[in-house]
Amino acid sequence: MCWFEGPLAAFDTETTGVDVEHDRIVSAALVVQSAAEAAPVVTRWLVDPGVPVPEGAVAIHGLTDAFLQRNGRWPAPVMEEVARALAGQAARSIPLVVMNAPFDLTLLDRELRRHRASSLAAYLGAAPLCVMDPWVLDKHLDRYRKGRRTLTDLCAQYGVELTGAHDAASDALAALQVVRAVGRRFAARLERLSPAELHARQAVWHAAQARGLQAWFARNGTEETCDPAWPLRPSLPAAA
């Protein structure tokens, strides 16, 4: 059986913003599916981040300060549980689907450093994550297709139903189903690769994609930078 028909897990977060070094996780979800047709098992976390949630973020995911203060938990135990849950999947060699992996995994790593004085790598130990990133896979395998490649766009492209967008569990499940659909559409190119081999190739593909986007920004006079690291950005050096 090809990896894209077998066990997969998926992880997603909702946050206070898009700065992986300073923004906070307000919700997270892990979706595990033992086979393509199996019912998904969903674990959800709500976090009271201890900082105000900007209006722009609330407009996207609907999680207000009042709601999170009433229903969320303190970040430290949540980040511990999330890291252990991901480590459990890695220990069982189950690939982890993460849409735009450097965002969610780097945010989680920084939250662990902030609240647990640890890192994602420390929790993973000798069994590192094997990540499937639908954004990287689609962009490499169908590189000349025009248009945006948000999760909503990919769901439309691959015939995946997305209900409740910007809910961590809904987005994680949709990303998982997109990866299965990508695997089937490009089976001739993917079925002979093990998840570990595909993980390694995605790191190379993402770096090339980042360089290409950086060159496009430079040609158009945009100062935005693209980090080639995947699936996790290295930590910033400590301030002197």
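User: Where is N100 found?
Analyst: N100 is found in the loop between β4 (96-97) and α4 (101-116); helices (H or I, at least four residues) and strands (E, at least two) are DSSP runs numbered from the N terminus. This is a predicted model, in which local features need pLDDT of at least 70 and side-chain atom pairs count only at pLDDT 80 or more, while totals for chains, interfaces and linings use all residues. Residues are numbered from 1 along each chain as its sequence is written, and side-chain values use heavy atoms, with hydrogens and water left out.

User: What is the phi of N100?
Analyst: Positive, about 55 degrees, although N100 is not a glycine. Most residues other than glycine have a negative phi, and most peptide bonds are trans.

User: And how exposed is N100?
Analyst: N100 counts as partly exposed because its relative accessibility is 37%. The classes are buried under 20% relative accessible area, exposed over 50% and partly exposed in between, with a 1.4 Å probe and protein chains only.

User: What about A117, buried or exposed?
Analyst: A117 counts as exposed, at 76% relative accessibility. A117 is found in the loop between α4 and α5 (120-124), and has a positive phi near 50 degrees without being a glycine.

User: Which peptide bond is cis?
Analyst: The bond from W230 to P231 is cis, with omega near 5 degrees. P231 sits in the segment after α10 (195-219).

User: Changing topic. How many residues are in the largest nonpolar core?
Analyst: There are 61 residues in the largest core, and F11, L86, L105, L108 and L129 have the most contacts inside it. A nonpolar core is a set of buried Ala, Val, Leu, Ile, Met, Phe, Trp, Tyr and Cys residues joined through side-chain atoms within 4.5 Å. Helix α8 (residues 168-185) gives the most to this core, with 8 residues. A second, separate core has 5 residues, including V26, A57, L63 and L68.

User: What does L105 touch?
Analyst: Not counting residues up to four places away in sequence, L105 touches F11, L86, V98, L120, L129, V131, P231 and L232. Contact means heavy atoms within 4.5 Å.

User: H206 next. Where is the place of H206, and is it buried or exposed?
Analyst: H206 is in helix α10, and is buried, with a relative accessible area of 9%.

User: Which backbone oxygen does the H206 side chain reach?
Analyst: That of P228, at 3.1 Å. Beyond neighbours within four places in sequence, H206 is in contact with P102, W135, V136, D227, P228, A229 and W230.

User: How much space lies in the largest pocket?
Analyst: About 1600 Å³. The largest pocket is lined by 45 residues, and M99, N100, F103, W135 and T150 lie nearest its centre. A pocket here is an open set of points on a 1 Å grid over the protein atoms alone where a 1.4 Å probe fits, with protein on both sides within 12 Å along at least five of seven lines; lining residues have an atom within 4 Å of a point. Points are joined across faces, edges and corners, and the volume is the space filled by probe spheres set on them.

User: Which elements supply at least two residues of the lining?
Analyst: β1 (8-15), α1 (55-61), α4, α6 (134-141), α7 (151-158), α8 and α10 each do.

Conventions:
Polar contact = N/O pair within 3.5 Å; in protein donor to acceptor, adjacent residues only side chain to side chain.
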